[in-house]
Amino acid sequence: MRTEICHLADGEGKTASLAGWVANKRTGKGLVFLELRDGSGFCQCVVDENNVNPEVFEAAKKAGLATSLRLEGEVVKDDRQVGGYELQVQKVEVLQFVEDYPISNKAHGVDFLLEKRHLWLRSKRQWAVMRIRSRTKFAIHQFFQDRGFIQTDSPIFTGNACEGTTTLFATDFYGEEAFLSQSGQLYAEATAMALGKVYTFGPTFRAEKSKTRRHLSEFWMIEPEMAFYDLDMNMDLIEEFIRYIVTDIYTTHRAELEVLGRDLTLFENIGTTFPRITYDEAVEILHGKRDVNGENALETLEKDLEAVKQGIADRKKDIEEREAAIAAGGMKKGKVNFNRNKIDTLKNEVKDLEEKERNIPQWLESARTFQHGADLGGSDETIITRLFNTPVMVYKWPKDIKAFYMKRDEEDDNYVKGVDCLAPEGFGEIVGGAEREDSLELLEQRIKEHDLPMEAFEWYLDLRKYGSVPHAGFGLGFERMVMWLTNVPHIRETIPFPRYYGRLFP
Ligand code: 4AD
Ligand code: MG
């Protein structure tokens, strides 16, 4: 019977049969170390020339990366291994030899990996990301189901623009123009009036011809909508929700976070109350006119820049010293390899730091000159969140940069009761939400002001004609959340087959 690697602990000291693929291979004198992966985990399998017959040893030697095979052997505890166990191999049955797997364990450029996304998914990092993605989805359902929310689905073909007309994908729906949904919200508002507290979890589409690390053309969104909720209750729910997901991943997926080298400080801080600041306060922070816990955003950024410059200088010196030591000769081969790898790593770090060195002055400039009334850009969000060690909620936004359905602030008609939740560490907006306009007259007025076609919203206006109530909701960008949890450099790594401007294959 086949044992899955994740269950090896149950078979300690016994014989187990594993089946999987070669993820890595090293050879030593009379030994082959195969790192086997089977989807459930990774396990080092040791093939010792003295313990197996010659054909088995030859097969192990010949097996290249991605070779599929069955292995039988004794399960031995080894704390140095990822899963804590190792297999002392007795038998090998190769299902398919592979000798020319295109992805090796050396560093490949990201463009190449994206072309080979169907294979890249097999790497340990991607394995960790996809497992966290799966668990995050589960945790989200659990959170809402435990709290009495009903999951309802919004259509994907729609006649309405929910989030403005500039990012719509148009399709031909039996001769009629239809759009791929930008958001399930408007329909969730309808189901909330039937079921009270609902959430949708579906694919959404935005035609954004921008190639940023935070934008996909096809992404998944979770959109809760609650009758009788106001903006404050909405923010309370966002906070509880984000904290729940982070805590769940932190407790259930520590091994995957370790594979990713994820810094866990923020996970440890997630119990702290998320600060809530108004848009106006956010602008004051950007202008350096408002300090947070004694820290000034612009001064902090200037210090960051100094640290970046120092970091570059330190690494360049380290690289030079290692290169000189190698050039001097007399170093053992193993140590030379170790140093060469270290130099590669340092060079990559220098590249990243140099990018920061170029970016930070631009960020400073755009913060200093930020115009009140403009939307926050990625760098502005980074600067604001840099001062906090939890997500931050920015609420009370200028009406002109937010959607038509947001309710105006009772005290100042120039503002709406919207909220964005910004994740720290440079990730920025993960949630956008609002209390909704519940007056029929005002909503009709907004639709006209936003130049939207009234006919397409007739059904939506019915919700304000027949038993309108205060209500609120928000949308969490699922891939943005996974990106933050896993700390991957680009959102395209958080979804198996990303779709964004310029990428339709594989
Ligand atoms: O802020 P947005 O546009 O809000 C809405 O769509 C509302 N209707 C949600 C609601 O109140 N029910 O989008 C919500 C979230 C963003 O905060 C972001 O996390 C994510 O969706 N998002 C994207 N994620 C990846 N790629 C894109 N192009 C995204 N655009 C938005
Ligand atoms: Mg938004």
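Author: First, a term: on a 1 Å grid over the protein atoms alone, a cavity is a set of points where a 1.4 Å probe fits but cannot get out, a pocket is an open set with protein on both sides within 12 Å along at least five of seven lines, and lining residues have an atom within 4 Å of a point.

Reader: OK, and what am I looking at here?

Author: This is a predicted model, where local features need pLDDT of at least 70, side-chain atom pairs count only at pLDDT 80 or more, and totals for chains, interfaces and linings use all residues. Residues are numbered from 1 along each chain as its sequence is written, chains are lettered from A and ligands numbered from 1 in the order in which they are written, and side-chain values use heavy atoms, without hydrogens and water.

Reader: Which residues line the largest cavity?

Author: Thr158, Asn160, Ala161, Cys162, Ser181, Gln182, Ser183, Leu186 and Tyr187. That lining has four nonpolar, five polar and no charged residues; Asp, Glu, Lys and Arg count as charged, Ala, Val, Leu, Ile, Met, Phe, Trp, Tyr, Cys and Pro as nonpolar, and the others, Gly among them, as polar.

Reader: Switching to the ligand: which residues are closest to ligand 1?

Author: Glu163, Gln185, Glu208, Glu223 and Glu429 are the closest of the 25 residues that surround ligand 1, near meaning that a heavy atom lies within 4 Å. By class, the shell is made of nine nonpolar, eight polar and eight charged residues.

Reader: Where do polar atoms of Arg436 come in?

Author: A polar side-chain atom of Arg436 sits 3.0 Å from an oxygen atom of ligand 1. On the backbone side, an N or O atom of Ile430 is 2.8 Å from a ligand 1 oxygen, and a polar backbone atom of Gly432 is 3.4 Å from one.

Reader: How much of ligand 1 does the protein cover?

Author: On its own, ligand 1 has 620 Å² of accessible area, and the protein covers 94% of that (Shrake-Rupley method, 1.4 Å probe). Strands E11 (218-227), E15 (428-435) and E16 (471-477) are the elements giving two or more residues to the shell. E15 gives the most, with five residues.

Reader: What about the domains of the chain?

Author: The assignment gives domain 1 (5-96), domain 2 (118-272 + 389-494) and domain 3 (303-358). The centres of domain 1 and domain 3, over C-alpha atoms, are 35 Å apart.

Reader: And why does the second largest pocket lie between two domains?

Author: Because domain 1 (5-96) and domain 2 (118-272 + 389-494) both give residues to its lining. The second largest pocket holds about 260 Å³ and is lined by 16 residues, with Cys6, Ser40, Gly41, Val82 and Gly83 nearest its centre. Helix H7 gives the most to that lining, with three residues. By class, 11 are nonpolar, three polar and two charged.

Reader: Last one: which peptide bond is cis?

Author: The bond from Phe505 to Pro506, with omega near -5°. Ala66 is worth a look too: its phi is positive, about 80°, although Ala66 is not a glycine. Ala66 is in the loop between helix H1 (54-62) and strand E4 (68-77). Most residues other than glycine have a negative phi, and most peptide bonds are trans.

Conventions: Polar contact = N/O pair within 3.5 Å; in protein donor to acceptor, adjacent residues only side chain to side chain. Helix = DSSP H or I, 4+ residues; strand = E, 2+ residues; numbered from the N terminus. Domains from an automatic or database assignment. Points joined across faces, edges and corners; volume = space filled by probe spheres on them.
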